[in-house]
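Dear colleague,

I am passing on the structure below, together with some notes on what was found in it. Please read the notes with the model open beside them.

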Amino acid sequence: MRQSYTEKLDDLKIEVLRMGALVEDAITKASYSLLRQEVSLAEEVLRNEEHINKYETIIEDKCVILVATEQPVAHDLRLIISTLKSIRDLERIGDYAAHLASIARNLIGGNFLEKFSLPLHNNIKKMFEMCVEMIKKTMQAFREEDAGIAREVMEFDEQVDSLYLDVFKEFLGDMKQDPSYAHQLNSLIFVSKYLERLADHVINICEEIIYIQTGERVEKQN
Amino acid sequence: MNDTKISTQNLNLFYGDVQALQDISFDMNEHSVTALIGPSGCGKSTFLRVINRMNDLIDSVKITGTVLYNGNNIYEGSFDVIALRKSIGMVFQKPNPFPMSIYDNVAYGPRIHGIRKKDELDSIVEKSIRQAALWDEVSDRLNTPALGLSGGQQQRLCIARVLAVEPDVILMDEPTSALDPISTAKIEDLINELKQMYTIIIVTHNMQQAGRISDVTGFFLNGVLVETGPTKDIFFNPKEKRTEDYISGRFG
């Protein structure tokens, strides 16, 4: 048995799970900051972004060293290659969390959010909840190498896309009615767009999890 | 579409009461490299030796099943074993040049098979040494002792010696295990060239080598052929857990 090799692979997975937990936390806090109008949470997300980026570099280095020194094959090689790709997606999701936090920080304070009933805004809230749930389940699928869970998460994507279109149309209508809030409404359209893009990155990770477990390449139909 | 060059069907081999190969059915295609992998004592070298009937030299060996070479059963009573060993050459783990000159090593086989004319022998020797990617290194000292060559050169000389009798199939039993990485790379490049003209079956303990040079891989364990398939499938997504455990070094 290659004890230390197995330990290194386990360690790699743990690092990815840690990075995933940070990303999940960032999206959750970005969502609370906007929906509950808590500027301190938005600032916390912005402060932590660099931390997520550092994980990407650390994990990438571990992958390179494993390939260079252990000559992984089969499942192990798929795990390492897919990890290299997935951390890029996690890093991008972290970027979106920062963008969302930045928008929240800019919008909090005026009467705009109350006027548009944002705390209760159903579709934005649903998109946030769905994205957080997708990340949570995706990290569970990665931890357990469960392609079934990954496939379940991929089913969410259409719902997120559909919510994005609803939000887009709705805020566009609001913008026409009251152009004085065009800038803020445009920011909210960006919130939904970021969440829609974020979900696409989660789906990329799910595709990698299926590949790790089965060797099968799946591509979400756009 | 590849044609089958060697095919074993329900092959069993016993050393006395001990069964070393169990019910092996395996097709090996022409103009391709087939790698045999597996832990020590799993039967892969025994299997290799079955293909040119080298196990005949061991008294206690008993073989059942069929081994077809170009569709003919090589274990049929009337089969010409000398001709078989000319057609199916072998390269061993340790380079084993004869204690004679480089030239005479390569000319040895053709001479045994009746070629006497110097022009003809010269031509065969040069062609074989060139094919073995050794010519540039030894062309100016063909009459010096072969044992003065480096290990990697000696092994390429042994390959040239096999090529000199114009074989059809080349069996290689861990041909690079005693060589440094540079010599190993030369032999691997050579194998890649030779497969255009010959069928190559190689036993190797070097997983990366099997992955690099072979088209098809067979994994042996305890005398059983556990899995065969295109090498890229075996190394990227094997069907059997035992194969995965072995190639990733988790065995035992």
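In this predicted model, the lining of the largest cavity draws at least two residues from each of α1 and α2 (39-70) of chain A, where helices (H or I, at least four residues) and strands (E, at least two) are DSSP runs numbered from the N terminus. The lining residues are A:Leu22, A:Asp25, A:Ala26, A:Lys29, A:Glu44, A:Val45, A:Asn48 and A:Ile52, and by class they are four nonpolar, one polar and three charged; here Ala, Val, Leu, Ile, Met, Phe, Trp, Tyr, Cys and Pro count as nonpolar, Asp, Glu, Lys and Arg as charged, and the others, Gly among them, as polar. On a 1 Å grid over the protein atoms alone, a cavity is a set of points where a 1.4 Å probe fits but cannot get out, a pocket is an open set with protein on both sides within 12 Å along at least five of seven lines, and lining residues have an atom within 4 Å of a point. Grid points are joined across faces, edges and corners, and a volume is the space filled by probe spheres set on the points.

The largest pocket holds about 590 Å³ of space, and of the 21 residues that line it, B:Arg85, B:Gly89, B:Met90, B:Val162 and B:Val165 are the closest to its centre. In chain B, α2 (81-87), β6 (88-91), α3 (102-112) and α6 (151-163) each give at least two residues to this lining, which divides into 13 nonpolar, five polar and three charged residues.

Turning to the interface, 15 residues from chain A and twelve residues from chain B take part in the contact (heavy atoms within 4.5 Å). There is one salt bridge between chain A and chain B, that is, a side-chain nitrogen of Lys or Arg within 4 Å of a carboxyl oxygen of Asp or Glu; B:Arg250 forms it with A:Asp76, the closest N and O atoms being 2.9 Å apart. On the side of chain A that touches chain B, α1 (3-35), α3 (74-107) and α7 (182-214) of chain A each give two or more residues, and the largest share, five residues, comes from α3(A).

As for conventions, residues are numbered from 1 along each chain as its sequence is written, while chains are lettered from A and ligands numbered from 1 in the order in which they are written. Because this is a predicted model, local features need pLDDT of at least 70 and side-chain atom pairs count only at pLDDT 80 or more, whereas totals for chains, interfaces and linings use all residues, and side-chain values use heavy atoms, with hydrogens and water left out.

With best wishes
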